[in-house]
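Biologist: I would like to learn how to read the pockets and the helix packing in a model. Please give the general idea and then the case at hand.

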Amino acid sequence: MIEASAPSKVIIVGEHFVVKGQPAIAAALDVRSKARIEENLKGIIIRSINLNFEVMIPMELSGSLPKEAEPFRRILKTMSERYGKLRPAKITLESEIPVGSGMGSSASTFAAFTAAYSKYLGVELSLDEVNEIVYEAECVVHGKPSGIDNTIVTYGGVIAYRKGEGFLRLNVKINQDYAWLVADTGVRRSTGDLVRRVLDLYDKYEEVLMPLYHAAGHLAIEAAKALEQGDYEKLGELMNINQGMLEAIGVSTLQISEIVYKAKEAGALGAKLTGAGGGGAVLILAKRGDLNEVEEAIKPYTAKIFKTRIAHTGIRVKEFNER
């Protein structure tokens, strides 16, 4: 029996503005997806507990499959082409990450699957190789993703990203006096639709919005400094400013605003939507002593709340015998 897990992802600051070349800061959180592999004699069976589907992929990887199985076929095909072998297996997928919440659910699941199956094959993949394979699967789902999700769930930690320049891992100063909450609104939305809507607005009012985008870039640089200096009070203030910017480009909602304001009233240092907006999740930074009060204040407006921390390790793999 082999089990692998991968963390979720949040954007601390910079979403949407990153599309026009401004930097963004992303972090891995210890809300995880898991893939468990057992021996099987009849093809490759994939069972998703959260999505409630089970599919058998033939060893020759041919034939018609439901769309949910296509990213996994891409992973298996890539591994077969690169490493020359596949092996029948039963793979059970389970995730704590809400689907469609902007927390990288698909990338996390693909990373756990890739890590577990490669271990099952006896192939030792580097994190770089896992990252490349997961990106291929993400392309099946999202077309041309930025690469943030697959990178952060594979490596863990916190990264700065700028389109066309790649990723820089930040040396974050940890302070146990502060903690993170993620509030899932329960509202699912299309990232692509929201990105297009914001781009349309930018094209319509480029001269008006260009300074806002430049300011968002400077904000992301200051947020990176705050994380590396352990200045979480400053980081919270920057998150609040970033939320105002996201409100300005029209991707917040009444529910998100209610969560943000209730969290700040209860003592949160910073609160903002994370991801595309229009629903999804809200990221909240608070002093550890205020965490319970903040959680109680936002409960009526959320589908689920995660008390979590930054996952400084990305993929984890373990092997064990089941009796």
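Biologist: How much space lies in the largest pocket?

Modeller: Rolling a probe the size of a water molecule over the atoms shows where empty space is left. This is a predicted model, in which local features need pLDDT of at least 70, side-chain atom pairs count only at pLDDT 80 or more, and totals for chains, interfaces and linings use all residues. Residues are numbered from 1 along each chain as its sequence is written, and side-chain values use heavy atoms, with hydrogens and water left out. A pocket here is an open set of points on a 1 Å grid over the protein atoms alone, where a 1.4 Å probe fits, with protein on both sides within 12 Å along at least five of seven lines. Its volume is the space filled by probe spheres set on the points, which are joined across faces, edges and corners. For the largest pocket that space is about 1,500 Å³.

Biologist: Which residues lie nearest the centre of the largest pocket?

Modeller: Ser106, Glu138, His142, Asp149 and Thr191 do, out of 50 lining residues; a lining residue has an atom within 4 Å of a point. The lining divides into 21 nonpolar, 19 polar and ten charged residues (Ala, Val, Leu, Ile, Met, Phe, Trp, Tyr, Cys and Pro are nonpolar; Asp, Glu, Lys and Arg are charged; the others, Gly among them, are polar).

Biologist: Which element gives the most to the lining of the largest pocket?

Modeller: Elements are DSSP runs numbered from the N terminus: helices are H or I of at least four residues, strands E of at least two. Helix α5 gives the most, with five residues. Among the elements that each supply at least two residues are β1 (2-13), α3 (127-142) and α5 (191-204).

Biologist: What is the volume of the second largest pocket?

Modeller: About 260 Å³. It is lined by 18 residues, with Ile174, Gln176, Arg309, Ile310 and His312 closest to its centre. Strand β8 (residues 178-184) gives the most to this lining, with three residues.

Biologist: At what angle do α6 and α7 pack?

Modeller: Two packed helices are described by the angle between their axes and the distance between the axes. Axes are lines fitted to C-alpha atoms over the stretch in contact, and angles run from 0 to 180 degrees between N-to-C directions. Helix α6 (residues 206-229) and helix α7 (residues 232-248) pack at about 160°, with their axes 9 Å apart. The two are therefore roughly antiparallel (an angle over 145 degrees).

Note on methods:
Angles under 35 degrees count as roughly parallel, over 145 as roughly antiparallel, 65 to 115 as roughly perpendicular and the rest as oblique.
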